[in-house]
Amino acid sequence: MKRTVLLLLALALILGSVSLISATPQVEEGGPIKVGMYADLSAGTAQWGTDAEKGARLRIKEVNEAGGIMGRQVELVLYDCKLSPTEAVKAYTRLAQQDKVAAVYGSLISNTALAVSPAAAQTKVPVVSRAMDERATTPGFNPDDPENPGPANPYFFLLQPSAFQQAAVIAGYAIDELGMNTFAMLYDKGNAYAEYLAKGFAHYVSKRGKKMLGSFEFQSGDMDYKAQLTKIRELKVDGLFIPNYVAQNANAVKQSRELGLTATFLGNNSWYKPMDEVAGPAADGAYFPNNMTFDDPSTQWFFDSYEAEWGEEPRLHSFSGYDDVGFILEAIKAAKSTDPEKVRDAMEGTRKFEGIIGTINIDPATHRPVGLPMAVLRFDGAQIKTAELKYVPKSP
Amino acid sequence: MNWNILLQQIVNGISLGGVYALMAVGFGLIFNVLKFSNFSHGGVVTLTAYIGFFLTKYLVANFIVTFLATAILGGLAAVVIERLVFRPIRRKGYPISMLIVNSITVAMLVQQFFAVTLGSDYYTYPIFIKETALHLGDLTVSKIYLLMLSISAVVLGALSYVLRKTKIGIAIRAASSDISTPSLMGVNVDFVISVAFFFSGVLGGITGYLLGMTFTVDPFVGSMILKGIIASILGGMGSILGGVIAGLLLGAAESLLIAEIGAALTPIVIYGAIILLLLIRPQGIAGRITEVKA
């Protein structure tokens with residue numbers, strides 16, 4: 001008896017919520033404009049996904065309050081892909097085929113992007129994402145021949161610098177601003193993210209006529225890199241590039257200090273918080289690139305509106321979500337249509353989209369942004385400080 | 001490669017080898033008594049790496065106090081594991097393979113527990129040693145590694161003394177050669193086994209603390225136990241001296257190989273060499289071939 005009551009209650013709740021959804025006022029005959037999103041709302045990177053969602057919702061709220069697009073309200077259709085490539089493909093297919101969204105905002109993780117990219121090429125509903133792995137946007141990319149990336153996936157777009165572009169930012173900064181000539185690097189061979197950054201770094205260094213004197217690898221589970229670092233110490237290089245995950249980067253700098261290495265550390269965007277706590281003063285003097293810095297005065301207004309909406313401070317991917325959904329809505333506006341094909345065309349032609357993080361110009365050949373600046377940050381007294389607010393390498 | 005670098009690489013390797021030796025002996029101790037590979041030792045290492053962190057962070061940021069407390073808690077954890085997981089099986093006389101399976105399960109359980117609860121964060125011990133390196137001419141010796149090596153030496157020396165000179169040590173050794181006879185002579189075998197697990201857990205606790213202090217603590221820190229197991233087998237299962245020699249050798253060989261042929265090929269060469277070595281000398285460096293009596 002009790003069970004029946006409970007079941008009925010549950011049913012009533014479900015029906016209630018369904019009727020609530022269908023009761024949403026429809027502004028025009030076409031109903032709201034649907035934008036899809038799959039993000040990691042659970043699993044290891046849940047915080048990134050949730051932050052991106054909050055940023056995205058804030059952007060949509062603002063657009064709707066200003067009258068929507070083409071007189072229609074915008075609606076976000078969101079699924080959790082749980083850091084799983086299979087779930088991401090399922091979510092994408094559902095968004096494209098059942099929900100009939102105009103475009104999709106993909107999860108931040110490269111693994112899911114690599115799985116969704118071929119599905120998008122078939123289903124032909126465009127995806128924008130922050131997956132740094134070049135293969136998401138240009139499937140034929142070969143890290144040993146980066147100058148010939150091959151054709152872009154027509155339906156996949158990247159809205160931040162790719163792995164090779166980020167490597168060029170820090171290598172360019174080291175060469176032009178810090179006057180470095182000789183380099184070595186230490187990276188996790190089992191991690192595609194680290195490997196692509198390392199190969200991008202080496203490529204840029206040799207392109208600029210500087211010397212990569214030693215490239216050293218370690219295995220994903222390794223925690224002790226003293227053997228490699230001892231070799232690196234003998235090379236007496238100006239800069240040591242360490243592009244791995246936080247714990248590995250922290251172990252590498254601590255061990256470098258113990259061995260008395262004098263090279264300046266150069267890092268990747270994983271050197272951002274909590275690296276300052278994990279590595280402590282050992283990381284002092286290091287430089288690394290990041291999408292943005294939080295002390296940029298031109299972004300302060302976003303802190304205010306985000307805090308008013310969510311009651312907490314925005315993190316990096318709150319900005320990402322706000323910018324990336326803004327990019328999609330801008331493309332819909334430019335296309336004057338919610339037809340995915342026309343939205344895709346508009347995305348490919350996007351020039352000077354003003355995001356908070358930076359101005360995005362899409363390169364039609366690669367579907368990656370060109371000339372998007374990054375902040376260069378440095379470690380000073382175990383704290384992260386801004387070295388350069390917006391930096392673009394002198395030679396791309 | 002000049003001599004200085006060669007020497008430096010050997011120093012690097014030996015200090016890490018000290019930790020391998022600690023793990024080898026902690027692992028070998030249980031193998032000696034119960035004749036099974038106790039993979040749960042890796043679980044104790046992971047658990048204590050976190051315990052050490054939380055003690056230093058929330059109790060007192062004092063090296064000696066937290067170090068000793070972690071070692072003892074590691075010992076107690078091993079005793080509890082034995083009581084809960086191994087003793088019931090042993091009492092019922094199930095085959096040894098059940099003990100092995102259970103020990104693997106415990107290791108995975110601990111690893112997964114920390115991966116789910118604390119895996120997304122980073123835990124770093126406070127800095128106990130300010131100046132990080134000692135310079136002897138061209139040779140750089142990391143103080144933390146030196147400490148690691150000296151602690152390993154002292155602990156293993158003490159254990160060796162206890163096993164040789166004390167009553168309980170002799171009982172453990174008696175149980176290692178044959179577990180049923182001592183009980184006929186009035187020795188409380190359950191108690192002896194508990195003590196063996198306690199010693200093994202203390203070694204695990206020390207290993208966990210040292211690894212946690214040297215590296216950043218993560219749920220997979222216990223997977224380094226594999227190196228300890230290799231050292232243990234290589235040294236001759238259960239021989240303290242053999243385990244120590246093999247641990248140091250393994251550390252030094254690893255360091256030299258990584259420097260010369262790279263991190264990707266090193267495990268292939270090392271594992272290949274171990275298979276070869278055991279084909280030639282199955283009893284390991286210092287082991288005797290003992291027959292497991294039914």
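The legends below describe close-up views of a predicted model. Residues are numbered from 1 along each chain as its sequence is written, with chains lettered from A and ligands numbered from 1 in the order in which they are written.

**View 1. Overall build of chain B.** Chain B has 11 helices and two strands (helices are DSSP runs of H or I with at least four residues, strands are runs of E with at least two, both numbered from the N terminus). Along the sequence these elements follow the pattern α-α-α-α-β-β-α-α-α-α-α-α-α. The C-alpha atoms of chain B occupy a box of roughly 60 × 50 × 35 Å along the principal axes. The radius of gyration of chain B is 19 Å, in agreement with the value near 19 Å for a compact globule of 294 residues (taken over C-alpha atoms; the globule rule is 2.2 Å times the number of residues to the power 0.38).

**View 2. Helix 8 of chain B.** Of the 26 residues in helix 8 of chain B, 22 are buried (20 or more other C-beta atoms within 10 Å of the residue's own, with C-beta atoms placed from the backbone). In chain B as a whole, 50% of the 294 residues count as buried.

**View 3. The side of chain B that touches chain A.** The contact takes 25 residues from chain B and 27 residues from chain A (residues are in contact if their C-beta atoms, placed from the backbone, lie within 7 Å). Helix 1 (3-34), strand 2 (139-142) and helix 10 (240-261) of chain B each supply at least two residues to this side of chain B. Helix 1 of chain B gives the most, with five residues.

**View 4. The open sheet of chain A.** Five strands in the order 2-1-3-4-5 form an open sheet with parallel pairing in chain A (two strands pair if DSSP finds at least two bridges between them). Strand 2 (74-80) and strand 5 (156-158) of chain A stand at the edges with a single partner strand each, so one side of each has no neighbour in the sheet.

**View 5. Strands 1 and 3 of chain A.** Three bridges join strand 1 (residues 33-39) to the parallel strand 3 (residues 103-105) of chain A. A:Met37 has A:Tyr105 as its bridge partner in strand 3 of chain A.

Note on methods:
Predicted model: local features only at pLDDT ≥ 70, side-chain atom pairs only at ≥ 80, totals over all residues. Contact = placed C-beta atoms within 7 Å. Buried ≥ 20, exposed ≤ 12 C-beta atoms within 10 Å, placed from the backbone.
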